[in-house]
Every structure is written in C-alpha cells, then in structure tokens.
Amino acid sequence: MKGRGLGIMLVLVGLGLGATLLRDQVPTGSAQPAAQAPLNESGARLQNEQNTIDVVGRFEPGLVFISTEDVVAQDPFAMMFGAAPDQVRQGLGSGFFVNKTGDILTNYHVVAGEDGQGAADRITVRVMNQEESVPAEVIGLAPQYDLALIRAPGLAKTLIRPIPLGNSDTLKVGQKAIAMGAPFGLDFSVTEGIVSSTARQIPIGFSATGGEGGITQKAIQTDAAINPGNSGGPLLDSSGRVIGINTQIYSPSGQATGVGQSAGVGFAIPINTARSLLPRLQAAQGQVVGAPDLGVTPGLLVQSQGRVLPVGLSVLSTRGKRELDLPDRGLVVGAVRPGSPAARAALRAGTREEAFRGGVIVLGGDVITAADRQPVDAFEDLQSVLIDKKEGDPVTLTVVRAGQTRTVQLTLDASAFRVQGR
C-alpha cells in the first residue's frame, strides 16, 4: 500500500485477522437479570433501518469479491544464497456487476500487477453464497481513472446480478450512503453513512507519465466506514443505485503503520465518471484507455530515483528561466503528434535540446500555462482538466510562445481517445 499525500491511502490490502469472541458472563452467585418481555423487532425498526435492509437484501448479490495473485521475480543472485527465486503477492478487493453480460467494474489498483503496470497474473472472483472462485479476464484498464472492467466467462448466468447505476451529478450533501465490499478481507460486508461532500478534489489513479501522485479529480466524500479491501466496491444511495466506486481513505494512522484504517473520511469515484468511460473500457480488448490526449509530449525531463520524469517549469531556478526567456510556470511542449488535436491547433513543438545537471529541456516551442483557465505546470495538471472531457468538447489553452502569451482553441476528436498500444 502506498501513501498518497496528506495521508490519503489506496484502499487495498489483504490482511490476516485474528478475532476473539467475548461471551456475556454473569459472576457466580450474582442475581440473574429479571426476565423482560421480548420486543417486537419488526415494529421497532426505524424507516431508515428498513430501507437499508431492503437495499442490502436486493442488491448485495451483485457484489463481487476479487482475489489476485502476482508472481514477483526475485533478485537472480538471491538463488546463489538459497533464496526462493519467486514469490507470489496476493491481493483482495471488491467489484460489482454493471450489466447482464457479466461485466464487473472495480478499481484499477485492485487488479494491477506488482509494479502497478498492467494486470495481475491471476484474477479470480467469487459471488455471494458461492464457495468457489472462478477465473476472470481483463476487458479494459484505465489507470488514470483508477478503474478497470473484468469478466468471468465461467460464471453461471444465473449468478450475474447487476446493480443499477445512479446519477452522481444530482447528489446532495447529507444523503444516505451505503458502502459494500470486503474490508480487511471480510467479504460481503456493509456499512452506512452519509455523503459528506460531492466534489472533493483529490489525487486519483496513476499518471500517464509514471508519477505516483495521481491526477486531481472530483470525488465523493463519505463517512461510511471504508477500509482496505473495500476498494472497487459500490457506494449506493437509499434507492439502491450505485453513486460511486469506493477507492481511497484518509488515514492518519496509515502514515505511521502502513496499514490504512477508516477515520470517517472515505472517497469514491463518481459513478458518472465510470459510466462515461464504460463504452471505451468495453471496447478496449484488454488494453489501456486513458484520459483524452491532446497529442503533446512534455519537453522538460529530470532524473528522479533512477527514472526520467517530466516536470513543470516551477522546478527550475528563476535565473535559469529568465536566461531562457521562459515563464515562471508551465508545461514545455517537447513534441506534437501529427494528426492530433494539438497539431490541428498549430501548437509548436521544441526545436533544440539543452542539457543541464540532472535533466534536459527542449526549447523553441510553446509552453502551456493554463487549460480552460486552470493553471498548468505539470503534465498531471493538463490531465486533470481533460479527464472528464468527451469527444467533441472544446479546450482553451493559454500558451507562451517566444515570450508572447496567446490563446489556442482546439477540439477533442476521436484521435484524442485512442486506446493505448493501438
């Protein structure tokens, strides 16, 4: 499990749990409590309680318990010292059926491999009231959204129970929220709370450039208890419709121990984000779909922990930027892909490279400083503006070229939504 700034942690860990059951005991020789008339349980139920019972009873069979196994290659020299050549990493998470075909929506990090790239070597699913797990295959992956679509071809059709999707755009703070999943591996568990915020901006998913900070996106905040293992499970409203996909928790204790626990602040990806992405995931044929791509490649690269990462101009010294006639902040355009929205909008790529200690910068091209009036410094800033866009949507860029600021209008066409690897 990796920490995400400010103690926000991914909700995925399989833990072995030990439980001690305590019996009510009456000291020897003490008086027994007086008998009381039994309460009429059905009559004592509150309307809210009955609603929760009805929602859980009807839609919990659509919940899916997900297990993964990933072979982790060891140092080849370790074999010389008698160590095992490989180890198997196991993971647990949740998901839910979204249609009668058997498509299962979950988080990308639930099914991701050990290095966070691609899917785990083995994925199995188990549905409610079934003892056996069945193998599942990847239909589509969306790391930048932390979403994935899987399917279990060997699962009996009678066991596929889709949960209806709601409308996260109409959510109100204070609405009831029911979280389903497998906290700490305790499969098919249910918790209840309220919607605490409908538009909390937090880092979600994985950057296309290899960064670990995620992309700032809108999320639903809830106080329904969410813990490791709840990842990928549905967040439902009082009508039983899915309003979000549980994905992260804020866990101060997790920063110290490495194991996150609910602190009453959990986050879910709005279902409308997943709904708009579903057609692309279903057509991905096991490949990766990403945020809309303008067709620009970052032109400022630095060495960081053995990797080359793109960064924004804010990392450079003020003196250096003045000498190069560059703005204080912005995304340097290193290259422009032919036929892309950026190419059609005549964005200019860099023409020459200049090395400096720890990195390289491509000069002579445009610097993007804002997108739709939102400041841009890193590639993730640009992705956060684009991530909810659809084909045909316009994008307004503020660009600095040769020291002059200009506005560029472009439109996202089909080329901006291509499946990666095709």
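1. Let's start at the loop between strand 10 (176-181) and strand 11 (189-204), where Phe188 lies; helices (H or I, at least four residues) and strands (E, at least two) are DSSP runs, numbered from the N terminus. Phe188 is not a glycine, yet its phi is positive, near 60°. With 17% relative accessibility, Phe188 counts as buried (under 20% relative accessible area; exposed is over 50%, partly exposed in between; 1.4 Å probe, protein chains only).

2. A word on the source: this is a predicted model, in which local features need pLDDT of at least 70 and side-chain atom pairs count only at pLDDT 80 or more, while totals for chains, interfaces and linings use all residues. Residues are numbered from 1 along each chain as its sequence is written, and side-chain values use heavy atoms, leaving out hydrogens and water.

3. Asp372 also has a positive phi, about 50°, without being a glycine. Its loop runs between strand 22 (367-371) and strand 23 (374-375). At 25% relative accessibility, Asp372 counts as partly exposed.

4. Leu105 is worth a look: the residues it touches (heavy atoms within 4.5 Å) include Phe96, Ile245, Ile271, Ala274, Leu278 and Leu281, not counting residues up to four places away in sequence. Of these, Ile271, Ala274, Leu278 and Leu281 are among the buried residues of helix 5.
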